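Subject: The structure, and what turned up in it

Hi there,

Here is the structure I promised to pass on. Have a look at it first, and then read on for my notes.

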Amino acid sequence: MEIVKLGENSGNSSTSGGLLALIYGGSGAGKTVMAGSLAERGKTLFLSTEPGGIESLRRFPELLGNLDFILLSKTSMLRDALEHLENSEDYRAVVVDSLWSYQNIMAQEIIDAELAADTLALQKNPQSRKVLHDPDLLEQRDWGRILHRFWVDVSRLQHLAITPPYRHVIVTCQ
């Protein structure tokens, strides 16, 4: 039998990769606070998809000094943050709170783009009998676009944890 000592020589997170985790739970379950506690390990970029999303962390002033916050209102904002993270070593960890809301932002952008395209097509050809995109309903091709874009963004997050300089990545979902 081999006994592995979990002391100072057990591995170094700077060479063995970062934590990559999904925290799932209902509203008010403590996902944000748990994810925000990464700030205890170093400078953390907290990307929230909901206004007031970081309010629950204000009860822990010891974390706030290591937290930088961005409110994501467009998918391009996450991509800009990922670009920054991929090209710098400013942060030891990143949190995306929450993937569910991020997917909703993405879906709304796709619907808005479809409606803009429909409006433009009707302006060019008012006699068109084209069926317009229902703004309250995603079509099958919309879901395909969401899946592809979502996969690309989540893969980039995953990459932050498995390539140097290794970072901890936590995403939440409800």
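The mean pLDDT (the predictor's confidence in each residue, from 0 to 100) is 87 over the protein chain, and 90% of the residues reach at least 70. This is a predicted model, so local features need pLDDT of at least 70 and side-chain atom pairs count only at pLDDT 80 or more, while totals for chains, interfaces and linings use all residues. Residues are numbered from 1 along each chain as its sequence is written, and side-chain values use heavy atoms, with hydrogens and water left out.

Confidence is highest in helix α4 (residues 75-86), with a mean of 96, and lowest in helix α1 (residues 13-16), with a mean of 54. Over residues 8-13 pLDDT stays under 50, and the model has 3 contacts (heavy atoms within 4.5 Å) beyond four places in sequence for them. Where pLDDT is low, the predicted coordinates should not be read in detail.

**Fold and cores**

The protein chain has 6 helices and 5 strands, taken as DSSP runs (H or I, at least four residues, for helices; E, at least two, for strands) and numbered from the N terminus. Their order from the N terminus is α-β-α-β-α-β-α-β-α-α-β. Of the 174 residues, 36% are buried, meaning under 20% relative accessible area, with exposed over 50% and partly exposed in between (1.4 Å probe, protein chains only).

A nonpolar core is a set of buried Ala, Val, Leu, Ile, Met, Phe, Trp, Tyr and Cys residues joined through side-chain atoms within 4.5 Å. The largest one has 23 residues, and Leu45, Leu47, Leu78, Val94, Val96, Leu157 and Leu160 touch the most other members. Helix α5 gives the most to this core, with 6 residues. A second, separate core has 12 residues, including Leu38, Ala93, Val95 and Ile170.

Beyond four places in sequence, Leu47 touches Ile70, Leu72, Leu78 and Val94, among others.

**Ser48**

Is Ser48 buried or exposed? Ser48, in strand β2, counts as buried because its relative accessibility is 0%. Leaving aside neighbours within four places in sequence, the contacts of Ser48 include Gly53, Phe69 and Asp97.

**A note on contacts**

Among contacts in the protein chain with a separation of 6 or more, 72% join residues 24 or more positions apart.

Happy to talk any of this through.

Best wishes
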